[in-house]
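Hello,

Here is the structure I promised to pass on. My notes on it follow below, so do have a look at both when you get a moment.

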2 protein chains.
Amino acid sequence: MTSIKDVAAEAGVSVATVSRVLNEHPSVSEDARARVLAAVASLGYRPNAVARSLRTDQTRTLGLVISDVLNPYFTELARSVEEEARALGYSVIIGNADERPDLQDHHVRTLLDRRIDGLLVSPTDGGSPLMLDAARAGTPMVFVDRWIPGVDVPVVRADGRGAVRDLVTHLHRLGHRRLAIIAGPAATTTGQERVAAFREALEECGLDLPDQYIGQGDFQAASGRRATERFLDLAEPPQVVFAADNLMALGALDAVRARGLRVPDDIALAAFDDIRWFVHTDPPITAIAQPTGELGRAAVRALVDRIEGRAPRSVTLPARLVVRRSCGENPVPSENPVPSESPVPCETPATNATAETNENPVTNRSQS
Amino acid sequence: MTSIKDVAAEAGVSVATVSRVLNEHPSVSEDARARVLAAVASLGYRPNAVARSLRTDQTRTLGLVISDVLNPYFTELARSVEEEARALGYSVIIGNADERPDLQDHHVRTLLDRRIDGLLVSPTDGGSPLMLDAARAGTPMVFVDRWIPGVDVPVVRADGRGAVRDLVTHLHRLGHRRLAIIAGPAATTTGQERVAAFREALEECGLDLPDQYIGQGDFQAASGRRATERFLDLAEPPQVVFAADNLMALGALDAVRARGLRVPDDIALAAFDDIRWFVHTDPPITAIAQPTGELGRAAVRALVDRIEGRAPRSVTLPARLVVRRSCGENPVPSENPVPSESPVPCETPATNATAETNENPVTNRSQS
DNA sequence: CGCGTCGATGTAATCGATTCCACAAGGAGG
DNA sequence: CCTCCTTGTGGAATCGATTACATCGACGCG
């Protein structure tokens, strides 16, 4: 591998001058610059990022530890994170925790060993000592999607409460009264919040959420299937199952199908997290859509602000209900003429909800 | 950040001894080892991987440049790659090329700058000068899924020819005669091979593949939609559309749905690459499944062999047809009593094909 | 007793960059 | 003409590890 010394020799200057040219330091003569550039080109020289990082103590690399790469929500998040980071001149190393705290720790540790400039995490659990230490030690850090309470780290996330209320209102209007939820792990904030939001929304409609209608899941498909089977075994099964993420919804669909039942005739289904395939499932699935791309971008901006010495801000963006057919009769858009902004009683149409029609099968953009 | 000097001072030994303890060098006294370990623990010392890499000229990191992270096939591939790499003591940095040669080059360049130990690539195009140079310069490299002909780099991939023949046989048996394909970019090997395999299989059945039945796609959903619309506009539209990857199948589904047509009654649909959601689409989609996890693992093993001085082997694994309902009447398993191993004439049952029934909705394991 | 060997340890060179500091040349100003 | 800056440049220290080489004491053996 050719090093800066080779370039210096070839150009007939010192390594200091080569370095200055490469870093656009102002006081270099036009002549020297030209000779160095020529040498760089003729040798095909590329600076060694490892050596540079050692000296400058910055890697221009961000670490991203996500809960599960196989979850399309996180894949999309990862993609937008990488995009924004690249635009700002950073690379991203992704670690997949697979919803396992030990794996999460493994990745945090290796990323820290590599001296990444900052860490983006959606924690799998309530917070390992490792991560808490890193945060306290001053590692630039931002939580995305999920977070750990009581730590002074900015959080970038979506607030699903409004959309969950819209969903419950929608379900209530369709005549559903026995609503169940498949929750995420209690150790995660999203695991707790979505249940809390659901329960609150039910109470506003005068419904309650009995324990047997709370299934315990882990955000993976298999757990969604198990929880749904348990619901179906109840003496009085729920009329609706709301899965707290898209993979558990997939599992729920598996369970329903295995029993030979039909959605929404025998049981309705809704999910948190909207993904492209929900348009084409049988039936299309009503879901709560997060502004995933914007979340990823905002998280990177917050982290880079922190790294570069500016004050980072926490960001909360609203999620939005997308109505499809999995909860019952397909609502005709004309029924929802002008969505109101204020909180609404249960018998009125849902706010901010998008009803998809056959004419607009792919994009979810229509805000009517 | 605490360095090896701090540890040496704390333990009352030299940095050399600390390094020896950390690298399990045999000639260190029990006493010194204990003192060093104690110092490491009390200071919470972690070696700086950047400095270590500079000195040892190895990063224990693999680069993976994939064509599109949003494609579930590649996500799964990335996951298995990371898993196997971790098992072998390597980290993985993923670069997403988004099917764009310029982005692919960007990632290859930054990975090379970071002095990764080896590179795993599924090339987006016929081969940029950058990648060819890297290969010739001796960078350990392995192609996965797609490859570049004429370069001396091991290839790990799936051979879909058998499965495509099974698919065509299956379609022929169902009475379909006008079969169309949405191809991938001609610059990719998978883009070409799948068309070639399809054409060959058609010929064996006495059918041909007119130009108008070859749609040009780019492995992304939008192109699948456009190609399908063009098929539907033909005076004599095809009876079957075979999408060369899962995203283009999604686009095809969009197009069919936008016309108010139904699968498989109005037009049949099949896809290369099997994904979990295909079980739950309306209707479930017949697809060709690659052994994705095994491909990722084999690719990593080949690359690490190359890095560590052993001779790497190219690997080709067979793909397999999974029959669902998107091409017509759901075949009853009893119709396929004993699949034969030898090549079969068109009117006999498909070889190696798995027919999914309602009793077995999730797993595709049954090989009967 | 003296010599060679071996095990444990420290000193210092090294990896490839960046950057502080010294210094030379040249121009401006008194 | 002598200072004083400014500009361009090179030498050398530095980042945090690994490792070749030197050193030193203990021990075995003739």
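**Helix packing in chain B**

The axes of α5(B) and helix α12 (residues 292-307) of chain B cross at roughly 45° and come within 8 Å of each other. (Axes are lines fitted to C-alpha atoms, for helices over the stretch in contact, and angles run from 0 to 180 degrees between N-to-C directions; helices, H or I of at least four residues, and strands, E of at least two, are DSSP runs numbered from the N terminus.) α5(B) and α12(B) are therefore oblique to each other; angles under 35 degrees count as roughly parallel, over 145 as roughly antiparallel, 65 to 115 as roughly perpendicular and the rest as oblique. Which residues meet in this pair? Tyr73(B), Glu76(B), Leu77(B), Ser80(B), Val81(B), Glu84(B) and Ala85(B) in α5(B) face a set in α12(B) that includes Thr292(B), Leu295(B), Arg297(B) and Val300(B), where contact means C-beta atoms, placed from the backbone, within 7 Å. By class, the contact of α5(B) with α12(B) has seven nonpolar, four polar and four charged residues. (Ala, Val, Leu, Ile, Met, Phe, Trp, Tyr, Cys and Pro count as nonpolar, Asp, Glu, Lys and Arg as charged, and the others, Gly among them, as polar.)

A second pair is α2(B) with helix α3 (residues 30-43) of chain B, whose axes come within 10 Å and cross at roughly 90°. α2(B) and α3(B) are therefore roughly perpendicular to each other. Thr17(B), Val18(B) and Val21(B) of α2(B) make the contact with Ala32(B), Arg33(B), Val36(B) and Leu37(B) of α3(B). Five of the residues in the contact of α2(B) with α3(B) are nonpolar, one is polar and one is charged.

**Before you go further**

Please note that this is a predicted model: local features need pLDDT of at least 70, side-chain atom pairs count only at pLDDT 80 or more, and totals for chains, interfaces and linings use all residues. Residues are numbered from 1 along each chain as its sequence is written, while chains are lettered from A and ligands numbered from 1 in the order in which they are written.

**The two chains**

The same surface serves both copies, as 100% of the contact residues of chain B recur in chain A.

In the interface, 38 residues of chain B are in contact with 38 residues of chain A. The side of chain B that touches chain A has 17 nonpolar, ten polar and eleven charged residues.

**Around the DNA**

DNA strand D is surrounded by 28 residues, the closest being Ser27(A), Ser3(B), Ile4(B), Ala16(B) and Ser19(B); a residue is near a strand if its C-beta atom, placed from the backbone, lies within 6 Å of it. DNA strand C also has 28 residues around it, with Ser3(A), Ile4(A), Ser19(A), Ser14(B) and Ser27(B) the closest.

**Backbone points to check**

A cis peptide bond with omega about 0° joins Val263(A) and Pro264(A). The bond from Asp282(A) to Pro283(A) is cis, with omega near -5°. Glu99(A) has a positive phi, near 60°.

Best wishes

Definitions and conventions
Contact = placed C-beta atoms within 7 Å.
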